[in-house]
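Q: Please take me through a structure and show how its features are read.
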Amino acid sequence: MLVHQILKLKSDDAVVTVPPGTKVSEAAKILAERKIGTVVVSANAQTADGILSERDIVRVLAQKGGSVLSDAVDAHMTTQLVTCGRNDDADAVLSTMTERRFRHMPVVEDGQLVGLITIGDVVKARLTELAMEKDALQGMIMGH
């Protein structure tokens, strides 16, 4: 399965972005309201400058205390982004996410942000694929 196939299966393929300078507290509010785990930091909502996740916020809160909520997201975002393309293999994406211990990966084509894929998206797609294979094999065994 390829990344673009998974993006098509998502009920909401919009990427939630915030501009640099947004307060961490505002990003946290967006995460809570939208029930998502990350926002992409982007000056133009078309390219990814960085990414800020729930884990990033919790980590910096534990290290520096509540005052970080008034900091800008760009002070705490991950800037060394690991991205994938629409034609990348989902198993390779899953492997990268697992090895590097993150759950969200921006999908970028020609420098433009075209989607965001989560480890949950990949696992769900893989389970669907396995269920279809199982059904096909059972059908062959039963003579259907």
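Q: What should I know about the model and its numbering before starting?
A: This is a predicted model, in which local features need pLDDT of at least 70, side-chain atom pairs count only at pLDDT 80 or more, and totals for chains, interfaces and linings use all residues. Residues are numbered from 1 along each chain as its sequence is written, and side-chain values use heavy atoms, with hydrogens and water left out.

Q: How do I read the sides of a helix, and which residues of helix H2 are buried?
A: An α-helix has 3.6 residues a turn, so residues three or four places apart point the same way. Helices (H or I, at least four residues) and strands (E, at least two) are DSSP runs, numbered from the N terminus. Buried means under 20% relative accessible area, exposed over 50%, and partly exposed in between (1.4 Å probe, protein chains only). In helix H2 (residues 24–34), the buried residues are Val24, Ala27, Ile30 and Leu31. They lie on the same side of H2 because they cover an arc of only 120 degrees around the axis, taken from the directions from the helix axis to the C-beta atoms. Ala32 and Glu33, on the other side of H2, are exposed.

Q: How is a loop residue read, and is Ser42 buried or exposed?
A: Place, accessibility and contacts are taken in turn. Ser42 lies in the loop between E2 and E3. Ser42 counts as buried because its relative accessibility is 3%. Leaving out residues up to four places away in sequence, Ser42 touches Thr17, Val18, Pro19, Pro20, Thr47 and Asp49.

Q: Which backbone atoms does the side chain of Ser42 reach?
A: A polar contact is a pair of N or O atoms within 3.5 Å; within protein, one must be able to donate a hydrogen and the other to accept it, and residues adjacent in sequence count only if both atoms are side-chain atoms. The Ser42 side chain reaches the backbone nitrogen of Ala45 at 2.8 Å and that of Gln46 at 3.4 Å.

Q: Where is Lys10 placed, and what does Lys10 touch?
A: Lys10 is in the loop between helix H1 (3–9) and strand E1 (17–18). Its relative accessible area is 19%, so Lys10 is buried. A polar atom of the Lys10 side chain lies 2.7 Å from the backbone oxygen of Leu116. Not counting residues up to four places away in sequence, Lys10 touches Leu116, Ile117 and Asp121.

Q: How is a pocket found, and how many residues line the largest pocket?
A: On a 1 Å grid over the protein atoms alone, a pocket is an open set of points where a 1.4 Å probe fits, with protein on both sides within 12 Å along at least five of seven lines; lining residues have an atom within 4 Å of a point. The largest pocket has 22 lining residues, and Lys10, Asp12, Leu116, Thr118 and Asp121 lie nearest its centre. H1, strand E5 (112–118) and helix H5 (119–142) each give two or more residues to this lining. H5 gives the largest share, five residues.

Q: Which residues lie nearest the centre of the second largest pocket?
A: Ile51, Ser53, Asp56, Thr78 and Phe102 do, out of 16 lining residues. The largest share of that lining, three residues, comes from H3.

Conventions: Contact = heavy atoms within 4.5 Å.
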